[in-house]
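This report goes from one residue out to the whole chain. Keep the structure in view while reading.

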Amino acid sequence: DFSRNGMVLPEKTIHTLKGHNGAVLVVRYNDDGNYILSGGQDGTIRLWNSGSEKCIKIYRGHGKEVLDLVAQSDNSKLVSCGRDRVALLWDVATGRILRRFRGHDSSVNCLAMNPHESVVITGSTDKTIRIFDLRSRSFDAIQVLDDFRDSVSGLVANEREIIASSIDRTVRTYDIAAGCLRTDTIGVPVTSVSVSGDGNCVLATCLDSTLRLIDSTNGQLLNRYKGHINTTYRVEGALSTDDAHVACGSEDGKVLIWDLVQGTVVRRLEGHTNVSCTMCFHPSLSCNPPQMVTG
């Protein structure tokens, strides 16, 4: 069962990664897909071998739940954030905390790095985005974006833009180079945001059990995806590595995959016994068997 570009979709559970005490709130592959990072309700981050069920290292330093993670492309450092109101820069090999990014007054829900990995961008329940310079020793943000009327729930950064979702029912796109902002009103709370590989589409996960695909240039609605349950919790959606499919967790524990263009459900994956709130596709199109990690 191939996608239009030849990517095979995952069909069944091949590994179960056990170790967190409580819910797993975020899962991410590293750049080449050889490793998986997970963050949990227990405040720990765990590094796994993606080809087995082996936990390689545990990182302890957050005082509350870990909500988002991103690893640098050379695998030397990772950044995490959580409900303890801070983001942390870690040395992957030693597990040492290198920097604490402070300034948010409430939970730090999401983060991103720009493609050059020179800045860390964080979004918070305090209704702000903060931008920190990784090349500086300062703990303070170099810029604060405070246009939101409710929690910032998701972040994506590319060469010139920061795209953010919010519980205030919007997706905001900041053109950093031009210094302008576009606000797309979705009409329902948005819990996560992701961008297609070609940058043309934005996927918004919404609290009316619907994912919306939006044109990144003008905010026009391109498609809707339904069939999962998402009315209460922050649940992530994701675009497949080849941009041919959309996936999302569900409050009944299932993971659904839709054809991007047709909008039809092509997979229902089972395995979780509670809310499936986070996911990530393997970054390689040639991964065999095809993989995605969910939590």
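## Terms and basis

Contact here means heavy atoms within 4.5 Å. The model is predicted: local features need pLDDT of at least 70, side-chain atom pairs count only at pLDDT 80 or more, and totals for chains, interfaces and linings use all residues. Residues are numbered from 1 along each chain as its sequence is written, and side-chain values use heavy atoms, with hydrogens and water left out.

## Arg-130

Arg-130 sits in strand 11, residues 129-133 (strands are DSSP runs of E, at least two residues, numbered from the N terminus). Beyond its neighbours within four places in sequence, Arg-130 touches Gly-103, His-104, Val-120, Ile-121, Thr-122, Ala-141, Gln-143 and Val-144. Its side chain reaches the backbone oxygen of Gly-103 at 3.3 Å.

Arg-130 is buried (under 20% relative accessible area, 1.4 Å probe, protein chains only). Yet Arg-130 has no salt bridge (a side-chain nitrogen of Lys or Arg within 4 Å of a carboxyl oxygen of Asp or Glu). The nearest side chain of opposite charge is Asp-126, 4.6 Å away.

## The whole chain

The protein chain has zero helices (H or I runs, at least four residues) and 26 strands. Buried residues make up 53% of its 295 residues. Among contacts between residues at least 6 apart in sequence, 41% join residues at least 24 apart.

Along its principal axes the C-alpha trace spans about 50 × 45 × 30 Å.

Technical notes:
Buried means under 20% relative accessible area, exposed over 50%, partly exposed in between (1.4 Å probe, protein chains only). Lys and Arg count as positive and Asp and Glu as negative; His and the chain ends are not counted. A polar contact is a pair of N or O atoms within 3.5 Å; within protein, one must be able to donate a hydrogen and the other to accept it, and residues adjacent in sequence count only if both atoms are side-chain atoms.
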